[in-house]
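This report looks at aromatic and ligand contacts, and then at the nonpolar core. The sequence and structure come first.

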Amino acid sequence: MKILVTGTAGFIGYHLAKKLLERGDEVVGIDNINDYYDVNLKYGRLKELGINLLMMEKIWI
Ligand SMILES: NC(=O)c1ccc[n+]([C@@H]2O[C@H](COP(=O)([O-])OP(=O)(O)OC[C@H]3O[C@@H](n4cnc5c(N)ncnc54)[C@H](O)[C@@H]3O)[C@@H](O)[C@H]2O)c1
């Protein structure tokens, strides 16, 4: 199933996306990487999901 997860770099969104990917779903994530807390934590979560900075730059361009 293809599922949209908002706040994918956040605490809940990351864990949800991870579980969905592990069970074989396709995840479309949205996150504006706000600086409410350290954005490096968010980038780290996205990296854990297999999304690197280069991919993000390509998406943002
Ligand atoms: N963590 C909890 O225990 C908990 C419990 C109950 C409810 N909630 C609610 O669940 C939601 C997520 O919680 P969390 O702990 O994952 O928070 P979080 O701050 O870790 O994650 C939220 C993510 O949403 C992104 N975001 C915010 N505004 C955005 C926008 N306009 N467009 C795109 N992305 C945006 C942020 O960059 C962030 O990565 C919040 O509304 C929170 O109040 C959380």
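Because its relative accessibility is 74%, tyrosine 36 counts as exposed, whereas tyrosine 37, at 31%, counts as partly exposed (buried is under 20% relative accessible area, exposed over 50% and partly exposed in between, with a 1.4 Å probe and protein chains only). The model is predicted, so that local features need pLDDT of at least 70 and side-chain atom pairs count only at pLDDT 80 or more, while totals for chains, interfaces and linings use all residues. Residues are numbered from 1 along each chain as its sequence is written, and side-chain values use heavy atoms, with hydrogens and water left out.

A search of the whole structure finds one aromatic pair. The ring centres of tyrosine 36 and tyrosine 37 are 6.4 Å apart and the planes stand at 70°, so the pair is edge-to-face (centres within 6.5 Å; planes under 30 degrees apart are stacked, over 60 edge-to-face and the rest tilted). Over the ring of tyrosine 37 sits the charged end of lysine 42, 4.7 Å from the ring centre (NZ of Lys or CZ of Arg within 6 Å of the centre and within 35 degrees of the ring normal).

Tyr37 and Lys42 are also among the residues that surround the ligand, as are Gly10, Asp31 and Asn34 (a heavy atom within 4 Å). The table gives polar contacts, that is, pairs of N or O atoms within 3.5 Å.

| Residue | Protein atom | Distance to a ligand oxygen atom |
|---|---|---|
| Glycine 10 | backbone N or O | 3.3 Å |
| Aspartate 31 | polar side-chain atom | 2.6 Å |
| Asparagine 34 | polar backbone atom | 3.1 Å |

The largest nonpolar core has seven residues, including Ala9, Ile33, Leu46 and Met56 (buried Ala, Val, Leu, Ile, Met, Phe, Trp, Tyr and Cys residues joined through side-chain atoms within 4.5 Å).

Conventions
Rings of Phe, Tyr and Trp (its six-membered ring) pair if their centres lie within 6.5 Å; planes under 30 degrees apart count as stacked, over 60 as edge-to-face and the rest as tilted. A polar contact is a pair of N or O atoms within 3.5 Å; within protein, one must be able to donate a hydrogen and the other to accept it, and residues adjacent in sequence count only if both atoms are side-chain atoms.
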